[in-house]
Number of protein chains: 2
Amino acid sequence: MLVELVTTGSELLLGEITNYNSAYLSKQLNELGYFVVYHTTVGDNPQRMKDVLKTALSRADLVITTGGLGPTQGDMTKIIGAELMNRPLIYDQAIADSVQAWVTAHHGTVTMTENQKRQAMIPEGAAIFDNEAGTAPGVAMQGGGKNLVHLPGPPSEMRWMYENRLKPWLLKTFGSQGSIRSLYIKIYDMGEAFIEERLMDLVKDQSNPTLAMYARPGFVEVRLTARADSEEQAEALLEPLEEEVRSRLNDQIVSFNDETMADVLGREVRQAGYIVSAAESCTGGLIGSLITDIPGASDYFRGSAGTYCNEMKEKLLGVSHETLERYTAVSAETAAEMADGSRRLYGSDIAVSTTGIAGPGGGTEEQPVGLVYTGVSGPWGTLVHRDVYHGGRAEIKRRAAVRAIYYVVRYLVNHKNK
Amino acid sequence: MLVELVTTGSELLLGEITNYNSAYLSKQLNELGYFVVYHTTVGDNPQRMKDVLKTALSRADLVITTGGLGPTQGDMTKIIGAELMNRPLIYDQAIADSVQAWVTAHHGTVTMTENQKRQAMIPEGAAIFDNEAGTAPGVAMQGGGKNLVHLPGPPSEMRWMYENRLKPWLLKTFGSQGSIRSLYIKIYDMGEAFIEERLMDLVKDQSNPTLAMYARPGFVEVRLTARADSEEQAEALLEPLEEEVRSRLNDQIVSFNDETMADVLGREVRQAGYIVSAAESCTGGLIGSLITDIPGASDYFRGSAGTYCNEMKEKLLGVSHETLERYTAVSAETAAEMADGSRRLYGSDIAVSTTGIAGPGGGTEEQPVGLVYTGVSGPWGTLVHRDVYHGGRAEIKRRAAVRAIYYVVRYLVNHKNK
């Protein structure tokens, strides 16, 4: 079943709020096996909204709107929807009573305004979704092979209504739409184009299962998705593709689904019984922050020494004055001594360091903006990596921090496998 | 001029990513006086994409797409756009050279893949937006009174391309579209409901200028907007409201527009000639990272000592063993000694520290998840603040880090005004 989501509200078109409703509903509906094929956003303009709903009903089987069900003049979605589905609006006493009860509970004993009463106007014959998270009821209309559903716009109400009203209604009305299984593989050390070259023939003529890839800050994500009538069938479809992809990426350190590289680091160092620390110049503390995003990181992480000036690199980490003079702070030599110094300072088994030029200023021809040296110091010696990252200052920091954590994992895994 | 934004990519329809591009572009374009009237999202399906672009070109004057310009098979936006605007695609050697240069700079001396070469195919006669934040160039085509623009999809590239390429092109091609002036005021120390109480009567019956407020992580944002034919008129409309709001918030430390609290900190400490440092336990390095997001932070920031275990709090910061034993690591006493210790260690004038329970585990009745002590040590003594933040682990860390920076600014401002 093809679905179009129509979000309404001028605040979306003004860029004042981000459209989280479409992402939420898409994820939920895809998990139920529905195909969401369009998202459309339109403002509080009756003619444009009518055109958008007409187009949506012509190209999708199920159209779900969010927003425009409230008590104000701008709230017109239900009126236009009822007109398009040829339903007169009828005053519903039960809904009026429940709106009154909600108003009384939340604002004391007050009379409903004329506008609030509008919320009790319901398209004839519609399924009514009463709203326990707010006042605006939702409705669903069926006719001519098309289905039009109106949900309220505030995300918390919309989510409550989906979970408690629309989802049960969909399951009852349309039965199972099959099952979807997805696997996400995050790859940290290859560009999109290179990954595609390695997986190219799997991408061609894809239908089911499908494979797609997305550039993320610091990694590329490959998504495998299979669709089938049952969970078991979807699983069976996905498995061979998953194995093929895994085997083609066998020398790559990856993370799966919601896992970050900091999760992988945690798993690897826990397994090895290692203690980790960091020393950060250009990343400013972001490596420490990413590592400590993982619950329980205190079991293996002792901290990150932020040394944002040469003096502290000497004092805290014992980087030699001569190294800083001779090679500058942004050099392989300094990165190596910083990592070694962090290991000594924290008494850790493995330490990672960064020093570089986050920009936007400070770049030269030999040391361009984005240049970052990453040191990894551990039981098998000290390695330094040189990278040039692109993007703005915050993005360069982020890419460098994610990659630094990856380099620690690679250091561990490479030596584990020997 | 009516604008439709078309975002492409199946990951949006699957709910895997949130549509930040539409919000960003809407905000920017509205500020230039353009009317964004539709957002549409469509997946990597050639027929549907073609239909969507056709509809968009029929109802808007300017259609801007994001996504689908990359080197993979799924990247088809430019091909379909060129077809609809009746332009053959032509291989552009200059673009090919710049893609090659980018590939070489970021991946070493390698040959472009066939797919990367596809990025150099340009619709005949199109304006070319070369992309210094990535490899995919953008294009703009004009014909039949319609304008079709293709921008890359990754948000950082798209933003760079808008700011440096599309915006100048729009101003040059279409001239002024009227003027909108907006002012964003970020308030760090009051809840939304309290702010609304203080500004309530300004919110009522608003038409032009308007006032709106949004809850953000760690602060509340108030937006004032005025629309007029000229910049001067818009300015004149906005000014009295701005003055009224500022006077009602006069005891609050706020930041304006894109400014973060770390920007305000930088301004204040530069002015005073102070050197800053930090000491972080529960925030793991995030304070250091936020402070170093500001270009030039190395002028006043020496670093943040990450001490994620008691031992390092003693060793690095000189927190006394007795304090840790008697009051635990999550206490006002520890926070104070950490801040004092960071000042000593880095030889700074002002230091900030955090120690708390980021969760999800580790909370008790006296020390619930979200409890954070923030210490500020400086020339006027050491202050400690106690807060309990809500949200998940990453959100608690973020709120605590933003608030910690705010506390340093408050410390400075309070003493400056005495």
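A salt bridge is a side-chain nitrogen of Lys or Arg within 4 Å of a carboxyl oxygen of Asp or Glu. The legends below describe a predicted model, in which local features need pLDDT of at least 70 and side-chain atom pairs count only at pLDDT 80 or more, while totals for chains, interfaces and linings use all residues; side-chain values use heavy atoms, without hydrogens and water. Residues are numbered from 1 along each chain as its sequence is written, and chains are lettered from A and ligands numbered from 1 in the order in which they are written.

**View 1. A salt bridge at the interface of chain A and chain B.** Glu16(A) forms a salt bridge with Arg223(B), and their closest N and O atoms are 2.2 Å apart.

**View 2. The whole interface.** In contact (heavy atoms within 4.5 Å) are 75 residues of chain A and 76 residues of chain B. The two chains bury about 6,100 Å² between them, 55% of it on carbon and sulfur atoms. Leu13(A), Glu16(A) and Tyr308(A) supply 10% of the area that chain A buries against chain B, more than any other three residues. Buried area is the accessible area (1.4 Å probe) that two parts lose on being put together, summed over both.

**View 3. Strand S2 of chain A beside strand S2 of chain B.** Both strands span residues 35-42, run antiparallel and are joined by five bridges. Two strands pair if DSSP finds at least two bridges between them. Helices (H or I, at least four residues) and strands (E, at least two) are DSSP runs, numbered from the N terminus. In this pairing His39(A) stands opposite Thr41(B).

**View 4. Helix H4 of chain B.** This helix, residues 77-84, is mostly covered, with six of its eight residues buried. Buried means under 20% relative accessible area, exposed over 50%, and partly exposed in between (1.4 Å probe, protein chains only). The buried residues are Thr77(B), Lys78(B), Ile80(B), Gly81(B), Ala82(B) and Leu84(B). Just after the helix, Asn86(B) takes a positive phi of about 55°.

View 5. S10(A), residues 210-216, has five of its seven residues buried. Seven bridges join S10(A) to S11(A), residues 219-228, and the two strands run antiparallel. Ala212(A) stands opposite Arg223(A). Two residues lie between the strands, and Gly218(A) in this hairpin takes a positive phi near 100°.

**View 6. His150 of chain A.** His150(A) is in strand S8(A), residues 146-151. This residue is buried, with a relative accessible area of 0%. Its side chain makes a polar contact of 2.7 Å with the side chain of Thr65(A). Beyond four places in sequence, the residues in contact with His150(A) include Leu69(A), Lys78(A), Gly138(A) and Met141(A).

**View 7. Arg386 of chain B.** Arg386(B) is found in strand S17(B), residues 381-388. Its side chain makes a polar contact with that of Tyr373(B), at 3.5 Å. Not counting residues up to four places away in sequence, Arg386(B) touches Glu366(B), Leu371(B), Val372(B) and Tyr373(B). Ala332(B) is 54 residues from Arg386(B) in sequence and 7.5 Å from it in space, C-alpha to C-alpha.

How values were computed:
Polar contact = N/O pair within 3.5 Å; in protein donor to acceptor, adjacent residues only side chain to side chain.
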